[in-house]
Amino acid sequence: MVPAENDKWRPQPALITKPEDMARARGMRMGYAPLLAMLEPALAAGHKRLAVIGIPCQLHALRKLEAQLGLERLYVIGTP
């Protein structure tokens with residue numbers, strides 16, 4: 001998650017592919033954001049290995065979809 005452009009406290013999902021872009025995602029933003037909506041753009045861009053950081057309800061849904069995604073590897077980090 002990164003801050004939304006018009007509200008630094010509103011979370012917005014992001015596809016981060018460069019190490020220097022990780023700085024945008026630091027910190028904690030509480031609130032709803034459609035994290036799993038980033039799966040389709042990531043797959044369309046040809047990514048076969050993903051790392052996803054999310055809350056339990058998002059990650060539970062991700063694990064249910066995992067077999068259909070066709071990824072080589074999925075790394076998951078859950079936050080409380």
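A residue is called buried when its relative accessible area is under 20%, exposed when it is over 50%, and partly exposed in between. The exercises below apply this and related terms to a predicted model.

**Exercise 1. Determine whether R63, E66 and R73 are buried, partly exposed or exposed.**

Step 1. R63 has a relative accessible area of 42%, so R63 is partly exposed.
Step 2. The value for E66 is 29%, and E66 is therefore also classed as partly exposed.
Step 3. R73 has a relative accessibility of 45%, so R73 too counts as partly exposed.

**Exercise 2. Find the salt bridge in this model and describe where its partners lie.**

Step 1. The required cut-off is a side-chain nitrogen of Lys or Arg within 4 Å of a carboxyl oxygen of Asp or Glu.
Step 2. Between R63 and E66, the closest N and O atoms are 2.9 Å apart, and the two residues form a salt bridge.
Step 3. Under this rule, the count is one salt bridge.
Step 4. Both partners, R63 and E66, belong to helix 2, where they stand three residues apart, or about one turn of the helix.
Step 5. As a general principle, side chains of opposite charge can pair when their charged atoms come close.

**Exercise 3. Identify the residues of the largest nonpolar core and the elements that supply them.**

Step 1. The core has 10 residues in all: L35, L39, A42, L50, V52, L59, L62, L69, L71 and L74.
Step 2. At least two residues of this core come from each of helix 1, strand 3 and helix 2 (56–69).
Step 3. Helix 2 provides the largest share, three residues.
Step 4. In soluble globular proteins, nonpolar side chains tend to be buried together.

**Exercise 4. Describe the largest pocket by volume, lining and residue class.**

Step 1. The space in this pocket is about 840 Å³.
Step 2. Its lining consists of 30 residues, with M1, L35, A51, V52 and I53 nearest the centre.
Step 3. Helix 1 (39–44) and strand 3 (49–54) are the elements that give two or more residues to the lining.
Step 4. Strand 3 gives the most, with six residues.
Step 5. By class, 21 lining residues are nonpolar, seven are polar and two are charged.

**Exercise 5. Locate R73 and list its contacts beyond four places in sequence.**

Step 1. R73 is part of strand 4, residues 73–78.
Step 2. Apart from neighbours within four places in sequence, R73 is in contact with K48, R49 and L50.
Step 3. R73 and H47 are 26 residues apart along the chain, and their C-alpha atoms are separated by 10.0 Å.

Key. Residues are numbered from 1 along each chain as its sequence is written. This is a predicted model: local features need pLDDT of at least 70, side-chain atom pairs count only at pLDDT 80 or more; totals for chains, interfaces and linings use all residues. Side-chain values use heavy atoms; hydrogens and water are left out. On a 1 Å grid over the protein atoms alone, a cavity is a set of points where a 1.4 Å probe fits but cannot get out, and a pocket is an open set with protein on both sides within 12 Å along at least five of seven lines; lining residues have an atom within 4 Å of a point. Grid points are joined across faces, edges and corners, and a volume is the space filled by probe spheres set on the points. Ala, Val, Leu, Ile, Met, Phe, Trp, Tyr, Cys and Pro count as nonpolar, Asp, Glu, Lys and Arg as charged, and the others, Gly among them, as polar. A nonpolar core is a set of buried Ala, Val, Leu, Ile, Met, Phe, Trp, Tyr and Cys residues joined through side-chain atoms within 4.5 Å. Buried means under 20% relative accessible area, exposed over 50%, partly exposed in between (1.4 Å probe, protein chains only). Contact means heavy atoms within 4.5 Å.
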